[in-house]
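Work through the exercises below with the structure open. Try each task before reading its solution.

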There are 2 protein chains.
Amino acid sequence: MSTPVAPALYGPVQDDIHLVEETLNAIQKVEFPALARMLAHILGAGGKRIRPAIALLAGKIATYDLEKLVPLAASIELLHSATLVHDDVIDAAATRRGRATANALFNNGPTVMVGDFMFAHAAELIARTGSIEVIRLFARTLMEMATGELHQDMSAYEYSSSTIKYFNRIAGKTASLFATAAKGGGMLSGLREDWLEALRSYGENVGMAFQIVDDILDFTGDEAEMGKPVGSDLMQGTLTLPSLLIIERYPDNNPVKRYFEGRQKAESLRRSIEMVRNSSILEESYKVARDFRDRALAALEVLPASEARDALADVAEWVMQRRS
Amino acid sequence: MSTPVAPALYGPVQDDIHLVEETLNAIQKVEFPALARMLAHILGAGGKRIRPAIALLAGKIATYDLEKLVPLAASIELLHSATLVHDDVIDAAATRRGRATANALFNNGPTVMVGDFMFAHAAELIARTGSIEVIRLFARTLMEMATGELHQDMSAYEYSSSTIKYFNRIAGKTASLFATAAKGGGMLSGLREDWLEALRSYGENVGMAFQIVDDILDFTGDEAEMGKPVGSDLMQGTLTLPSLLIIERYPDNNPVKRYFEGRQKAESLRRSIEMVRNSSILEESYKVARDFRDRALAALEVLPASEARDALADVAEWVMQRRS
């Protein structure tokens with residue numbers, strides 16, 4: 001298993017991310033070969049470990065206790081991976097990050113169970129922090145994430161969905177875990193209440209920006225870089241910010257509506273992608289993401305100046321600039 | 001929502017089971033109507049709440065702290081229900097306890113997510129015990145349960161499976177949660193280490209007996225009382241003790257083998273059920289279950305005599321006698 005190199009922007013915690021990676025590798029050492037194989041496939045896909053980095057950075061604001069922060073960071077990444085595993089089952093997704101999904105390789109039954117195993121292991125890791133408050137935060141976050149995902153699933157192909165519903169959905173599905181990474185790290189660092197609230201707000205807003213950029217890249221990204229087909233959200237019946245803006249701007253007879261109604265599907269999908277790429281929709285979507293980034297940066301102002309705080313700001317910038 | 005009446009055998013905790021029921025009812029009060037409906041359907045199915053009863057009884061051996069025991073008991077029941085929800089998705093089961101399963105009513109996607117929500121809520125409840133040790137026990141138990149279920153799923157239609165594998169499987173899938181109910185209750189009651197080990201052993205052995213009786217009833221039970229078709233384990237490709245004993249006794253050309261090979265399926269299934277019902281297989285299977293019950297009763301001997309201990313013994317007896 002290769003250890004991905006942490007981006008330079010992780011600054012003062014860059015050299016500690018490998019400890020999170022080691023913890024994630026250790027999880028794969030189970031006696032049951034079929035389970036070990038599935039875990040290796042899922043966790044070996046890598047990723048930028050942005051949530052763990054945020055947790056460590058938030059934990060470096062004051063006391064930096066890696067004994068507790070590494071289990072927190074690994075737990076958050078594992079929880080994130082577990083939800084992706086279940087999402088891919090639900091969406092019957094074939095690829096993720098350019099690799100076959102677990103459900104495509106191992107069938108749905110075992111994949112649901114591996115997801116459950118990963119949730120359980122995440123709970124075990126979070127318990128190692130020794131903090132009941134962090135454990136409760138973690139549990140509530142998983143509740144929010146499942147609710148957000150359920151909202152998305154139940155409103156699939158619902159053409160009348162609104163941007164407010166979209167924001168609520170991604171707040172639960174994505175931003176809640178970013179908020180928990182930031183606040184949880186701060187809690188283990190022993191920060192006072194207003195700083196914790198600043199970190200929570202930072203995490204939530206970075207998470208919102210992250211998801212919006214994700215949803216933009218679903219239309220504009222490079223298929224090879226993204227590791228999934230362009231337009232896959234629409235293919236799964238999910239309206240995201242760019243497609244909601246198309247609907248708002250062009251209420252009558254627009255390609256998203258035609259696609260959802262099953263009319264000229266290939267052509268409507270192609271046209272929807274084209275509209276996002278070549279119209280003001282793209283700029284508007286980025287503007288919304290930037291607003292969230294700005295709120296994240298503003299939240300950081302409350303915290304004392306430090307290398308860790310600067311790195312958190314860098315992460316917020318990177319979220320806007322990423323290409324995959 | 002009707003509150004099921006706890007069996008009289010729950011003795012000294014019989015009047016407290018309703019507190020667990022109230023906690024389970026409170027979980028259904030969520031703002032998202034679709035989620036509330038699904039939770040009401042799943043949790044409203046009732047059940048005998050045997051795991052919560054064991055947790056409360058074990059917690060009554062010494063200090064009886066309901067503030068902690070009720071969240072533990074509710075968490076264990078919720079965890080149990082969540083695993084059933086995911087199992088039914090995996091098995092594409094249509095009915096459970098005589099009602100339509102969640103996956104049959106609400107589709108697979110939302111059902112997987114509701115299961116995740118229930119896991120999360122179970123984690124939140126267990127955190128309310130305030131005991132890091134109980135939380136870790138809970139997390140490890142969920143890991144064992146997922147692994148046991150995965151073993152079952154991956155060995156479906158595997159005719160060469162052995163009784164040893166079967167025991168390992170049900171130890172993970174079922175007995176581990178009974179063990180955690182008993183030991184967890186004891187931990188919150190502040191018991192010393194050898195008593196905790198006695199409770200763990202009691203729970204594990206009761207759980208083994210419970211699952212074996214479950215697997216016998218799958219062949220011999222009344223369809224209406226069971227709320228699922230007779231022979232449903234075989235239909236899902238799962239070999240349990242009775243069918244494994246048929247294979248051992250009649251290695252050549254037996255109906256289970258014919259069924260798994262897809263030959264004369266209806267007739268082979270009918271014949272398999274008949275063989276379990278009308279041969280020594282039934283008696284042999286019960287003998288194995290009784291041995292586990294006896295080990296459970298022996299484990300209790302270590303504990304000081306009390307009404308709670310007597311009730312735990314009654315539960316072990318009831319497990320053998322139940323008809324559904």
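## Exercise 1: The single chain

The secondary structure of chain A comes to 16 helices and two strands. The model is predicted.

**Solution.** 
- Start with the radius of gyration of chain A, which is 19 Å.
- Next, take the value from the globule rule: 20 Å for 324 residues.
- The two values are close, so chain A is as compact as a globular protein of that length.

## Exercise 2: Confidence

**Solution.** 
- For the complex, the predictor gives an ipTM of 0.90 and a pTM of 0.91.

## Exercise 3: Symmetry

**Solution.** 
- The rotation is 180°, and the shift along its axis is 0.0 Å. The RMSD is 0.0 Å.
- That is the relation of a two-fold axis.
- In chain B, the C-alpha nearest the axis belongs to Ile132(B), at 3.5 Å.
- Both copies use the same surface: 100% of the contact residues of chain B recur in chain A.

## Exercise 4: The interface

**Task.** Which helix of chain B gives the most to the side that touches chain A?

**Solution.** 
- Count the residues: 32 from chain B and 32 from chain A make the contact.
- List the helices of chain B that each supply at least two residues: H2 (33–43), H4 (66–91), H6 (108–127) and H7 (132–154).
- H7(B) gives the most, with 13 residues.
- Sort the residues on this side of chain B: 21 are nonpolar, five polar and six charged.

## Exercise 5: A helix pair

**Task.** Describe how H8 and H9 of chain B pack.

**Solution.** 
- Locate the helices: H8 covers residues 163–188 of chain B, and H9 covers residues 193–220.
- Their angle is about 145°, and their axes are 7 Å apart.
- The crossing of H8(B) and H9(B) is right-handed.
- Residues of H8(B) in the contact include Ile170(B), Phe178(B) and Met187(B). Those of H9(B) include Trp195(B), Leu199(B) and Phe210(B).
- The residues of this contact divide into 16 nonpolar, five polar and three charged.

Definitions and conventions: Residues numbered from 1 in each chain as written. Chains lettered and ligands numbered in written order. Predicted model: local features only at pLDDT ≥ 70, side-chain atom pairs only at ≥ 80, totals over all residues. Least-squares fit on C-alpha atoms with pLDDT ≥ 70 in both. Contact = placed C-beta atoms within 7 Å. Axes fitted to C-alpha atoms, helices over the stretch in contact; angles between N-to-C directions. Helix = DSSP H or I, 4+ residues; strand = E, 2+ residues; numbered from the N terminus. Left-handed = near helix turned anticlockwise from the far one by under 90°. Nonpolar A, V, L, I, M, F, W, Y, C, P; charged D, E, K, R; others polar. Rg over C-alpha atoms; globule rule 2.2 N^0.38 Å.
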